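Okay, thanks everyone, let me put this one up on the screen.

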Amino acid sequence: MSDDRHQQRQQRLKEQVDARIAAATEVRGILMVFTGNGKGKTTAAFGTAVRACGHHQRVGVIQFIKGEWPNGERNLLEQHGVEFQVMATGFTWDTQNRQTDTEACLAVWQHARRMLADSSLDLVILDEITYMVSMDYLPLEALITAISQRPSHQSVIVTGRGCHRSLIEMADTVTEMRPVKHAFDAGIQAQQGIDW
């Protein structure tokens, strides 16, 4: 391709991008959903949390399903004032107790409701909350109401597999992680600093 043709193509691209930027005039918090069967949903959410902290924004994190094992993201982000509330029961296939899992979910959900009503928070991450809805530990309506009534500037990230279609429809941004290949499937253990 000649230099002239390249320059013309890049100029057309620039004009298209500039037009899209000019058309985006609304300023408000957004709802993001990271779902799908692939790895990286929580990692993407925490990448956004790091970005927000880097801009001196306030972030709150609720982790459903996670246990008490070391958490590299928490170790880092708490140093920057990020509040973590963790269900701390571990995976539901380990506990195998619907009543105690539901109670643990609803207890940490109270912190989520508080954060979603807190106008000082710029970003709230609801990590693995999709499982709480699909397993009927948390009513979908309660989640939708709390997200809908949050302060207008606050952004929310919902993570987890099998996100309910109502949340996908109300979201501003939805990313589906698709598995292509995973080290664990080849018998490689999960690694500190990489997987958690």
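So, the surface. The chain exposes about 11,900 Å², and carbon and sulfur atoms supply 50% of that; these areas come from the Shrake-Rupley method with a 1.4 Å probe, and for residues only the protein chains shown count as cover. Before I go on: this is a predicted model, where local features need pLDDT of at least 70 and side-chain atom pairs count only at pLDDT 80 or more, while totals for chains, interfaces and linings use all residues. Numbering starts from 1 along each chain as its sequence is written, and side-chain values use heavy atoms, with hydrogens and water left out.

Now the layout. We have eight helices and six strands, taken as DSSP runs numbered from the N terminus (H or I, at least four residues, for helices; E, at least two, for strands). Going along the sequence, the pattern reads α-β-α-β-α-β-α-α-β-α-α-β-α-β. The C-alpha atoms fill a box of roughly 65 × 45 × 35 Å along the principal axes.

How much of the chain is buried? Of its 196 residues, 37% are, where buried means under 20% relative accessible area, exposed over 50%, and partly exposed in between, with a 1.4 Å probe and protein chains only. And if you take contacts (heavy atoms within 4.5 Å) between residues at least 6 apart in sequence, 73% of them join residues at least 24 apart.

On to the inside. A nonpolar core here is a set of buried Ala, Val, Leu, Ile, Met, Phe, Trp, Tyr and Cys residues joined through side-chain atoms within 4.5 Å. The largest one has 30 residues, and F64, W109, L126, I129, M132 and L143 have the most contacts inside it. Two or more residues each come from β1, α5, β4, α6, α7 and β5, with α5 giving the largest share, seven residues. L143 touches W109, L126, I129, V133, L138 and L167, leaving out residues up to four places away in sequence. There's also a second, separate core of 16 residues, including L77, F84, V86 and L123.

Next, T159, over in strand β5. Buried or exposed? Buried, at 0% relative accessibility. Its side chain reaches the backbone nitrogen of E128 at 2.7 Å; the polar-contact rule is N or O atoms within 3.5 Å, and within protein one must be able to donate a hydrogen and the other to accept it, with sequence neighbours counting only if both atoms are side-chain atoms. Beyond four places in sequence, the contacts of T159 include F34, K41, T42, L126 and D127.

Last stop, the ends. P179 sits in the segment after β6, and P179 and G38 are 141 residues apart in sequence but 4.1 Å apart, C-alpha to C-alpha. At the other end, D3 is in helix α1 and is exposed at 67%; D3 and E176 are 38 Å apart by C-alpha.
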